Amino acid sequence: MADDLSRLCVHTITTRPWSVEEAVDQYAAAGIKGITVWRQWLEGRDANEVGERIRSAGLTMVSLCRGGFFPASDLTARRAAIDDNLRAIDEAAAIGAPLIVLVCGASPDVPLSEARKQIQAGIEAVLPYAAANGVKLAIEPLHPMYADSRSAINTLKQANDMCMAIGSSLIGVTVDVYHLWWDPDLAFEIARCGANGLLFSFHICDWLTPTADLLNGRGLMGEGCIPIPQIRGWVEDAGYSGFNEVEIFSDRHWARDQHEFIHDIINAYQEHS
Ligand code: ZN
């Protein structure tokens, strides 16, 4: 569907070769309106200054990626994860991000059922600090191929259920088409997510066949098999009116001229999203 760019956001990791300063300048020059910053892009920088640069460029700071990674087999590592999430909240407050996206975590030596309990406990441990800093948290369910080491939350139903169990207006969900497109319950769970006020953000990219790399083999919208306009329609029917965030991990696209890639992202957004 043809679309203007008023709700287009790009993640800094999508243009990985660019520094956060280059990304801010180039996104703004291309007419992109939103930016999601990955924490690695803040290393060695003052998050307040980065936030100021983002606002000066006319961009909306959409979210900070990423917190989470709560489960571990020993208590020391679990405490370290909570400390890292508290630092993420500090960074979000400094840069002016209203939301932190949580890749909730998993560990091959922790049973999934236990990992899910640890995730909920971790979120509950950091929520008061998030509240004090005016920052919301979003559970991003990840495709089950990542259930060993990245997330024990693999369906939107699980994310919705955990949000309802936690019961705070500060915890919601990020719907990412890459992770959820295969789920036969997706339309129902998106509607449920919206009806409960939990739909905090929306990520887009595409699924390639074959997927050559489980992490960095994502496609640009229109290159793969995900029915992005249909899923976006469900999300909007559920009341979502926030940014459509382009999040692409791709060795192939990172190897290209990033100016040309941004041009292609805008075209793909307008034609295949
Ligand atoms: Zn995502």
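Student: What share of the contacts in the protein with a separation of 6 or more comes from residues 24 or more positions apart? Please then examine His-253, found in helix α9.

Tutor: This is a predicted model, in which local features need pLDDT of at least 70 and side-chain atom pairs count only at pLDDT 80 or more, whereas totals for chains, interfaces and linings use all residues. Residues are numbered from 1 along each chain as its sequence is written, and side-chain values use heavy atoms, with hydrogens and water left out.

Residues 24 or more positions apart supply 80% of the contacts in question, a contact being heavy atoms within 4.5 Å. Buried residues (under 20% relative accessible area, 1.4 Å probe, protein chains only) make up 53% of the 273 residues. The C-alpha trace spans about 45 × 45 × 35 Å along its principal axes.

Within this fold, His-253 lies in helix α9, residues 251-254; helices are DSSP runs of H or I with at least four residues, numbered from the N terminus. His-253 counts as buried because its relative accessibility is 2%. Its side chain makes a polar contact with the side chain of Glu-223 at 3.2 Å. Such a contact is a pair of N or O atoms within 3.5 Å; within protein, one must be able to donate a hydrogen and the other to accept it, and residues adjacent in sequence count only if both atoms are side-chain atoms. Apart from neighbours within four places in sequence, His-253 touches Arg-218, Leu-220, Glu-223, Ile-248, Gln-258 and Phe-261.

Methods
Buried means under 20% relative accessible area, exposed over 50%, partly exposed in between (1.4 Å probe, protein chains only). Helices (H or I, at least four residues) and strands (E, at least two) are DSSP runs, numbered from the N terminus.
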